[in-house]
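Please take a moment to look over the sequence and the 3D view below. Then we can walk through the structure together, one part at a time.

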Amino acid sequence: MDLKTYHQYIDTLWQNIENQLEHQDCDADCEIHGAVFEIFFPNNQQIVINKQEPLLELWLASRAGGYHFHFENNEWVTQTGEKFWDLLETACKTCGEQVSFLR
C-alpha cells in the first residue's frame, strides 16, 4: 500500500468511528491531533488510536490493552488475526460504553 492510500484508509476509518459513536448516542468526545485520534469518556477514560506511518500500521491503546494492526484482506488485523472493530468494541466497553460498530 502506498502512503496516500494508507492515510485515506485511516482518515475514512476515523470518520467512520466518530459517526458511529454519534449515531449510537455514545457519551464520548472524539478529537484528532495530527496522527492521533482520541476518544474521551466522561469517566476520565480514553482510547487512543494512532497512525504509525513508517510501518503502515494502526495502533489502538486503552485499558483493555494495546494492539498493532496492519491492513490485510480489506481490514485492519493484528499479527494474531484479531480484528480492529472487535477490539475497539471491547475497549469502549471497558470505558463504560456498549457500542456495536458496523464493519
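Glu31 is in contact with Val36, Phe37, Glu38 and Phe40, once its neighbours within four places in sequence are left aside. You will find Glu31 in strand β1, which covers residues 29-33. The model you are viewing is a predicted one. In it, the side chain of Glu31 also makes a polar contact, at 2.9 Å, with the side chain of His33.

Let us move on to the nonpolar core. The largest one has 26 residues, and those touching the most other members are Ile17, Ile39, Ile47, Ile49, Phe84 and Leu88. At least two residues of this core come from each of α1, β2 (36-40), β3 (46-52), β4 (57-62) and α2.

Just after α2 comes Gly96, which takes a positive phi of about 100°.

Strand β5, residues 65-72, holds His70. This residue is buried because its relative accessible area is 18%, below the 20% cut-off. The side chain of His70 makes a polar contact with that of Glu72, at 2.9 Å. Leaving aside neighbours within four places in sequence, His70 is in contact with Glu75, Trp76, Val77, Thr78 and Gln79.

Trp76 also brings us to the largest pocket. How much space lies in it? The answer is about 240 Å³. Its lining is made up of 13 residues, and Leu13, Phe71, Asn74, Trp76 and Trp85 lie nearest the centre. The elements giving two or more residues to this lining are α1 (3-23), β6 (75-77) and α2 (84-94). The most comes from α1, with 5 residues. Sorted by class, the lining has 6 nonpolar, 4 polar and 3 charged residues.

Note on methods:
Residues numbered from 1 in each chain as written. Predicted model: local features only at pLDDT ≥ 70, side-chain atom pairs only at ≥ 80, totals over all residues. Heavy atoms only, no water. Helix = DSSP H or I, 4+ residues; strand = E, 2+ residues; numbered from the N terminus. Buried < 20%, exposed > 50% of the residue type's maximum accessible area, 1.4 Å probe, protein only. Polar contact = N/O pair within 3.5 Å; in protein donor to acceptor, adjacent residues only side chain to side chain. Contact = heavy atoms within 4.5 Å. 1 Å grid on protein atoms, 1.4 Å probe; cavity = no way out; pocket = protein on both sides within 12 Å on 5 of 7 lines; lining within 4 Å. Points joined across faces, edges and corners; volume = space filled by probe spheres on them. Nonpolar A, V, L, I, M, F, W, Y, C, P; charged D, E, K, R; others polar. Core = buried A, V, L, I, M, F, W, Y, C linked by side-chain atoms within 4.5 Å.
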